[in-house]
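This report goes with the sequence and model shown below. Please keep both in view while reading.

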Amino acid sequence: MGNCKASIVILTYNDFSNLKNNLKSIKNQNFENYEVIIYDDGSKEFDYDYINKLCYGIKDYSIFHKKENAGTVKNYN
């Protein structure tokens, strides 16, 4: 299982109140072979710099922001 990489996908839309705790929990895990993918579905007040700072300490992460809201299912796909 040492070569297995987990992808953790976090969807956001206009509410980032839990994101800090979500990322903190991920950082506290013993498993280190993972990537975090944050995908925002068109939040009007998307703050890339804030989210980037929250990711400090995570080795492999990506942040995506769509310009327009497409809905949860399309955002996840």
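Among contacts in the protein between residues at least 6 apart in sequence, 76% join residues at least 24 apart; contact means heavy atoms within 4.5 Å. The model is predicted, so local features need pLDDT of at least 70 and side-chain atom pairs count only at pLDDT 80 or more, while totals for chains, interfaces and linings use all residues. Residues are numbered from 1 along each chain as its sequence is written, and side-chain values use heavy atoms, with hydrogens and water left out.

**Overall layout**

The protein has 3 helices and 3 strands, and from the N terminus on they run β-α-β-α-β-α. Helices (H or I, at least four residues) and strands (E, at least two) are DSSP runs, numbered from the N terminus. The C-alpha trace spans about 40 × 25 × 15 Å along its principal axes. The accessible surface comes to about 5800 Å², and 46% of it belongs to carbon and sulfur atoms; such areas come from the Shrake-Rupley method with a 1.4 Å probe, and for residues only the protein chains shown count as cover. Of the 77 residues, 27% are buried. Buried means under 20% relative accessible area, exposed means over 50%, and partly exposed is in between.

Leaving aside neighbours within four places in sequence, Ile 51 is in contact with Phe 16, Leu 19, Ile 38, Phe 46 and Ile 63.

Phe 46 sits in the loop between β2 (34-40) and α2 (48-54). Phe 46 counts as buried because its relative accessibility is 18%. Beyond four places in sequence, its contacts are Phe 16, Asp 40, Ile 51, Ile 63, Phe 64 and His 65.

**Aromatic pairs**

How many aromatic pairs does a search of the whole structure find? The search finds 2. In one of them, the rings of Tyr 39 and Phe 64 have centres 5.3 Å apart and planes at 25 degrees, so the pair is stacked. Rings of Phe, Tyr and Trp (its six-membered ring) pair if their centres lie within 6.5 Å; planes under 30 degrees apart count as stacked, over 60 as edge-to-face and the rest as tilted. Tyr 39 belongs to strand β2 and Phe 64 to strand β3, so the pair ties together parts 25 residues apart in sequence.

**Partly exposed residues**

| Residue | Relative accessible area |
|---|---|
| Lys 66 | 23% |
| Tyr 39 | 28% |
| Leu 11 | 32% |
| Phe 64 | 40% |
| Asn 14 | 42% |

Lys 66 lies in the loop between β3 (61-65) and α3 (72-76). Apart from neighbours within four places in sequence, Lys 66 is in contact with Tyr 39, Asp 40, Asp 41, Gly 42 and Asn 75. Asn 14, in the loop between β1 (6-12) and α1, is not a glycine, yet has a positive phi of about 60 degrees. Leu 11 is in strand β1.

Terms used:
Buried < 20%, exposed > 50% of the residue type's maximum accessible area, 1.4 Å probe, protein only.
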